[in-house]
Amino acid sequence: MSKLGQVVEAVEKYNQFVLDQVKRARSDEKFGRELIHRWNETKAKTPVTQTPTGLPLPRLALPEIDEPGEIARYLFGEGLPGEFPFLNGAYREMYLEPVREIESASYGKKTLASGAKQKVDGNGARPPEEPTRLFSGLMLAEDTNERFHYLTQHQRTHRLSTAFDGPTLYGIDSDADGVFGKIGEGGVAIDTVEDMTRLYDGFDLGSPNFSASMTISGPAPIIMAMYIAAAKRRFGSKVVPKLRGTIQADIFKEVQAQNETIFPIEASLRFLTDMVEFTTREMPRWYPISISGYHIGEAGSTPVQQAAYTLSNGFAYAEMFAARGIPVDQFGPRLSFFLDCGLDAEYIALARVSRRVWAIGMRDAFNAGPRGQLFKLHTQTSGRSLIAAEFKNNLTRTAAELMLAYMNATNSCHSNSADEPFTTPSEEWIRLAAHGQAILLEESGIFKHTMNMLSGSPGMKAVERAVERAILDEFREIERLGGVLAAVEDRFQRSQIQNAAHRYEQQIYDGTRPIIGLNRYRNGTDDIPEVKLARTPRKKQQLQVDRLAKFKKKNAEKSKRALDKLAAVAESGKNCFPALLDAVEVCSLGQITGRLQEVVGRFRPMV
Amino acid sequence: MTSPIRILTAVPICDGHDSAINTINLEFIRHGIEVIYLGYHRSVGDIVRAAIQEDVRAIGISSYNGGHIEFFAEVVDLLRKRGASDIKVFGGGGGTITHDDAVTMRRKGVDQIFFAGTSLAEMTDYVRKNYGKLRKPQSRAKSWDIELAWKLTEIEDGLAKSKRSTSKKAIGNRQSAIRNANVIGFTGPGGAGKTTLIDELVLRFLNQNRKERIAILSHDPSVVGEGALLGDRATMINSQNDRVFMRSMATRGQAGGLSPATHDCLALLARSNFDYVIIETVGTGQEAMPFRKDGIVDQTVLVMNPDYGSQLQLQKIVMLDLADIVVVNKSDLQRARTAHSEIEQRLEQNRRDQRLIDTVAKRHRNPGVDRLFDLICRSERSRRGKAGNQS
């Protein structure tokens, strides 16, 4: 049985354990009393906050139950926020504003110094950080850098999320045949360590208030090496252990859905593991992989497929890293997740269930400690749900999705801009997208006063049960095919996703899936509104090509030696990452990709 | 009955958005269109080369990652440069291509851009109406590969029109044909990895010699209702090369792994200027005997999957009697060792000089594939030697 089979067993066993605890609470009087005591104490200790209108509210809402069996069902089956199995949240408090000073018997001795920032994320001594993340990347490094500065001007913490252009995502250079026109389109063009240095210019890469997220998978180890090299150039090598951020590096989902794979699967996984081995040791604050369902969802999967494939991919990575000899408590806490949030009913609880399955699987099948059990989640609203026709409706779609995302207690979130169906988002619509989150979290009282404000409705529970069952069924199917890697090579996930995508399109065309403004309540005109398009001018594209030529000329001799050394390490089967760190100093992304492909081959697409 | 429309579809370089094109491909084939699908992340050169070799009527490009104005224009320009401007270009990109962009693109020679919300039926109708008419009689092909592609179409469509072969004239007298190429036939059950294996061999042919030219005749089944999705090119990454002429054929209703026109097309390719001609059947059943014993195919390779079922099943596979080389691909699978010894036993019964080789075609530089390559080259040299002695 593969690890995935063990995970299925673990979840089944855990569910049985919960039922046993319910029974025991009802039959074992002492146990029942203990539970009631704990329950009452939790309630009593819950601070009370005050809304602007003067209404007192507890900072944690709990169900109105007093029967030991039901209390057991809640505490073991769901867990308080921040407690195993984390159904209600990875942390004790999220999104909550500092307690307003009111008289509160239950808040006890602690009084707040007026104006002091209060820790609310249960996550150490740092001030609360905004969960808002805005994905951005356009034209050349200096243009994206300017956008980053614009986006973060009012933020306490600088959390940059970077989109790369097509050539970079495919590991090729801006001077490659036939890519002119694609340079800086849909993301930033990065060819060399010099571009990487320009990209984050002016930001303090070693600061606890800074983190960089890089959405790239196929060439991720090379880009990661460039980021480290760029940081060292500006801050010296002391900065390396302080670097914070995330690189996507999710190979499985690329093969399953997003098609940005450049090396054969096994080689890609090896380079990934090389990188993870390095970062978990040398960069303890870095997330070297973001296990992503987003692209699976966007490629057309059902929500259940999205969660099931993402989780099973995660367990497969965990199995791989453990097999390399990286301790689970070293890599476990450095895994993070990324899910899509659309408008289907499953999204009411999809991330909640995912968090629970992950925690149980990691604890019971992988022996992970508490930090390695956390499903740390970044959510993005669904790009696929947005359409060009009457595009301002996209604001409403995104708002509803944001609501669902925060109901699932996501740790961070990106809201899409309404103009996404036609272009790289423009500043006006980006601002509205960010404001959408601020309105929900800061202006409205839905999330800022009370944890669990909307958790645990009968409908949500019904969705949870149905979704968990369906996820386990998917796991069993993958297990039957020989585990995740075998299923991937068999195109299982890929064809399932394509089938679902096809069904979705059919539903739109036959009207059984209403899309307002498209197949229902059409206003008759099909015109895409005039929006300002962010296109990379030819002059800029040429500038990038020229800069690259200069870099290659300057390093012509050194790059040859570095590539030979890299190829030799790749042949030897040893960890390639240190050689990559050297290579990026003098080689371009395309040169490195090309040389590695000579050794391990190119990815053969699956159709 | 008219011949099916053949079109090529692809997603541009640095773009992996294949969800839309996958849906559209299925819709096209359901309406009788033969779609040669080149896959995603494909360069202008790959697209134009494939369109010419496949002699399609039009190229459909699905672009979601920007740069479409340049990319579409480059396709149109390169077609013109290669003398193939009768191949039309259309496409779409959801909301990423604006109406203004589309105006520019049409001015640059693109036929049609479909916007978000266009129904599948509308696209299919457009293709059938605009690319369904017979091509006007051509005066002269502008290059050898265009000429070859046209001749192959004549053969294929000649058969499609009247079941009996009208192709003899088109391909000339077979007897007098000068044979240049070594013709290697690949067959075997679906999913055994024939396509990957061939592509790995092609890489070795190309690397071994800087001049050798290869032709590939690849087959995919037609679905009921006449259309076909011809997708081998998408996975044959090494075969998209100027020294490789590849043609994808649909079986058009014929059972047994080949098309009614295969034989004549193969004969034409064999006496065209190639060093190797490789023919790949569709996935075949146990009783299949796709290659005729009339000498066009010099070597036959049967590619097996280790998961063929019980040992008894092996007795029923006719090609095990006929193949010159039997390959057990995916020999990294658990069952491979058993498969090897069972097939070895089965071949011993034949008392012929058949060779058995284990490969893992999906692995780069796999030693098993190297051995297969050597064996093919060696047989080729000995064949040439014999031919020399006879003359």
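Colleague: How many bridges join β12(B) to β13(B), and in which sense do these strands run?

Modeller: Four bridges join β12(B) to β13(B), and the two strands run parallel; please keep in mind from the start that this is a predicted model. Within this pairing, B:Val327 has B:Ile357 of β13(B) as its bridge partner.

Colleague: And what stands opposite B:Val327 in β12(B)?

Modeller: That is B:Val303, which stands opposite B:Val327. The pairing of β11(B) with β12(B) is parallel and is made by four bridges.

Colleague: Which order do the strands of that sheet have?

Modeller: The sheet in chain B is open and has seven strands, in the order β9-β7-β10-β6-β11-β12-β13, with parallel pairing. At the edges stand β9 (244-250) and β13 (355-358) of chain B, and each has a single partner strand, so one side of each is left without a neighbour in the sheet. From one strand to the next, the twist averages 20°.

Colleague: What about β6 and β10 of chain B, how many bridges join them?

Modeller: Strand β6 (residues 182-187) of chain B runs parallel to strand β10 (residues 276-280) of chain B, and five bridges join them. As one example of this pairing, B:Val183 has B:Val277 in β10(B) as its bridge partner.

Colleague: Which strands does helix α8 of chain B touch?

Modeller: Helix α8 (residues 194-208) of chain B packs on the sheet, where it touches β6, β7 (214-220), β9, β10, β11 (299-304) and β12 (325-328) of chain B. The direction of α8 makes about 170° with that of β10(B).

Colleague: Before I read too much into chain B, what is its mean pLDDT?

Modeller: The mean pLDDT of chain B is 88, and 90% of its residues reach 70 or more. Among the elements of chain B, strand β3 (residues 58-62) has the highest mean pLDDT, at 98, whereas helix α7 (residues 167-171) has the lowest, at 36. Over residues 163-177 of chain B the pLDDT is below 50, although this stretch has 20 contacts in the model beyond near neighbours in sequence. Where pLDDT is low, the predicted coordinates should not be read in detail.

Colleague: And for the complex, what ipTM does the predictor give?

Modeller: The predictor gives the complex an ipTM of 0.86, together with a pTM of 0.89.

Colleague: How many residues of the two chains are in contact?

Modeller: There are 39 residues of chain A in contact with 39 residues of chain B. On the side of chain A that touches chain B, the elements that give two or more residues are α5 (166-169) and α18 (492-510) of chain A. The largest share of that side, five residues, comes from α18(A). By class, the side of chain A that touches chain B has 20 nonpolar, 10 polar and nine charged residues.

Colleague: Switching to chain A itself, which order does its four-strand sheet have?

Modeller: That open sheet of four strands in chain A has the order β8-β9-β10-β11, with parallel pairing. The edges are taken by β8 (289-292) and β11 (412-414) of chain A, each with a single partner strand, so one side of each is left without a neighbour in the sheet. The twist averages 25° from one strand to the next. Over four bridges, β8(A) pairs in the parallel sense with strand β9 (residues 335-341) of chain A, and the bridge partner of A:Ile291 in β9(A) is A:Phe337.

Colleague: Which helix packs on that sheet?

Modeller: Helix α14 (residues 393-407) of chain A packs on the sheet, touching β9, β10 (377-381) and β11 of chain A, and its direction makes about 160° with that of β10(A).

Colleague: At what angle do α1 and α2 of chain A cross?

Modeller: The axes of helix α1 (residues 3-27) and helix α2 (residues 29-45) of chain A come within 5 Å and cross at roughly 105°, which makes α1(A) roughly perpendicular to α2(A). The contact is made by A:Arg24, A:Ala25 and A:Arg26 of α1(A) with A:Phe31, A:Gly32 and A:Leu35 of α2(A).

Colleague: And how do α13(A) and α16(A) cross, right-handed or left-handed?

Modeller: The crossing of α13(A) and α16(A) is right-handed. The axes of helix α13 (residues 350-366) and helix α16 (residues 458-480) of chain A come within 9 Å and cross at roughly 55°, and the two helices are therefore oblique to each other.

Technical notes:
Residues numbered from 1 in each chain as written. Chains lettered and ligands numbered in written order. Predicted model: local features only at pLDDT ≥ 70, side-chain atom pairs only at ≥ 80, totals over all residues. pLDDT = per-residue confidence, 0-100. Contact = placed C-beta atoms within 7 Å. Nonpolar A, V, L, I, M, F, W, Y, C, P; charged D, E, K, R; others polar. Axes fitted to C-alpha atoms, helices over the stretch in contact; angles between N-to-C directions. Parallel < 35°, antiparallel > 145°, perpendicular 65-115°, else oblique. Left-handed = near helix turned anticlockwise from the far one by under 90°. Pairing = 2+ DSSP bridges.
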